[in-house]
Amino acid sequence: MARLNSIIDALETGRHAFAAFASPDPATALEFATSDYDGLVFEAEHKPWDATTLRDSLQYLLNRRRVHEAATLAASPTPLVRVPVNGAEQGQWHAKQALDLGAYGIVWPHISRVEEARNAVAACRYPRLPGTERYEPAGVRGDAPAAAARYWGLPNQEYYTRADVWPLAPDGEVLVVIQIEDQLGIENLPAILDEVPGIGLVLIGEGDLSQELGVPRQLDHPLMVEARRRIVEVCLAQDVVVGHPHVTADNVQQVVEEGYRFLMSAPVRTFPGLEAGRGLTGRA
């Protein structure tokens, strides 16, 4: 079965996945519609939440010629959405709306505790009967698949089958990304990854983490270097993909060597390290 989520396709085949943040507006989406990124994260944590604009942005990200030439329904780039709510708020409705519009995954900011991570995964899954295979974390997503199924190019019933979280569901196409952005999150990360199946990757939140450590935006400060090292160490030990949010042409080699496999650039259409980074993985 051909993958629909290009980020998951890259990760489960041993490659690096490349992505960027972008404002959720149609003009920006149009700029990225012909980019070489695997994924695009529409930024709604620090930008206004507007479901109508997000819907239009998702549509403008589609390029019919690319779909035709690739002869696949796989999104290129695959759209994810970073929602506004922090983990402690236990929010679900932003994720529900983003997924119902067709997003292939949710980036959850400020996940610090096991229960917050469990809520993040549950919000991205449909409910099922207790005792069903892969029941936990029990899904709480509401049922309104029509727009998402249309966006994915699938009948509703096939959408239900494929709209589960990877890698908990091996054929799932929904990616749950949690951001670790404080010391409490670092301390609880081993338990989070041990107790909550369905987390696709961990993305380090360097801005907020550096604020808490008292070295705002000093990303090369020894305290930040050590904090990142601890996060990467835990993720590699648990065989969970870890993402770096600030990849440039200058640091891409080091980032890859340190074990990061989800690489994000500044919010621009391309970045100079993209091809260099892909060359490290043997990707064309």
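Reader: Where is the place of Ser-112?
Author: Ser-112 sits in the loop between strand S4 (105-108) and H6. The model is a predicted one, in which local features need pLDDT of at least 70 and side-chain atom pairs pLDDT 80 or more, while totals for chains, interfaces and linings use all residues. Residues are numbered from 1 along each chain as its sequence is written, and side-chain values use heavy atoms, leaving out hydrogens and water.

Reader: Why is Ser-112 called buried?
Author: Its relative accessibility is 4%. Buried means under 20% relative accessible area, exposed means over 50%, and partly exposed is in between, with a 1.4 Å probe and protein chains only. Ser-112 therefore counts as buried.

Reader: What makes the pairing of the Ser-112 and Asp-182 side chains a polar contact?
Author: The two side chains are joined at 2.7 Å. A polar contact is a pair of N or O atoms within 3.5 Å; within protein, one must be able to donate a hydrogen and the other to accept it, and residues adjacent in sequence count only if both atoms are side-chain atoms. The value of 2.7 Å falls within that limit, so the pair qualifies.

Reader: Which residues is Ser-112 in contact with, leaving aside its neighbours within four places in sequence?
Author: They are Asp-182, Leu-184, Gly-185, Asn-188 and Ile-192. Contact means heavy atoms within 4.5 Å.

Reader: How do you know that the span of H9 is close to the expected one?
Author: H9 (residues 183-195) has 13 residues, and its first and last C-alpha atoms are 19 Å apart.

Reader: Where in H9 is the kink?
Author: The kink lies at Leu-189, shortly before the proline Pro-190, and is about 50 degrees. The bend at a residue is the angle between axes fitted to the seven residues ending there and the seven starting there.

Reader: Which residues of H9 are buried, and what covers them?
Author: Gly-185, Ile-186, Leu-189, Ile-192 and Leu-193 are buried. Their cover includes helix H6 (114-122), strand S6 (174-180), strand S7 (201-204), helix H10 (206-212) and helix H11 (222-237).

Reader: Which members of the largest nonpolar core touch the most other members?
Author: Trp-108, Val-202 and Ile-231 do, in a core of 89 residues. A nonpolar core is a set of buried Ala, Val, Leu, Ile, Met, Phe, Trp, Tyr and Cys residues joined through side-chain atoms within 4.5 Å. Away from its sequence neighbours, Val-202 has contacts that include Ile-178, Leu-189, Leu-193 and Ile-231.

Reader: How many aromatic pairs does the structure hold?
Author: It holds five aromatic pairs. One of them is Phe-32 with Tyr-37, whose centres are 6.0 Å apart and whose planes are at 50 degrees. Rings of Phe, Tyr and Trp (its six-membered ring) pair if their centres lie within 6.5 Å; planes under 30 degrees apart are stacked, over 60 edge-to-face, and the rest tilted. The Phe-32 and Tyr-37 pair is therefore tilted. Phe-32 is buried at 3%, and Tyr-37 is buried at 2%.

Reader: What makes the pair of Trp-49 and Trp-93 edge-to-face or stacked?
Author: The ring centres are 6.4 Å apart and the planes stand at 80 degrees, so the pair is edge-to-face. Trp-49 lies in the loop between strand S2 (39-43) and helix H3 (51-61), and Trp-93 in helix H5 (residues 93-101), 44 residues apart. Trp-49, at 22%, is partly exposed, and so is Trp-93, at 46%.

Reader: Is Ala-71 buried or exposed, and what is its phi?
Author: With a relative accessible area of 71%, Ala-71 is exposed. Its phi is near 55 degrees, a positive value in a residue other than glycine.

Reader: Why is His-110 called buried?
Author: The relative accessible area of His-110 is 17%, so it counts as buried. His-110 also has a positive phi, of about 55 degrees, although it is not a glycine.

How values were computed: Helix = DSSP H or I, 4+ residues; strand = E, 2+ residues; numbered from the N terminus. Expected span 1.5 Å × (residues − 1).
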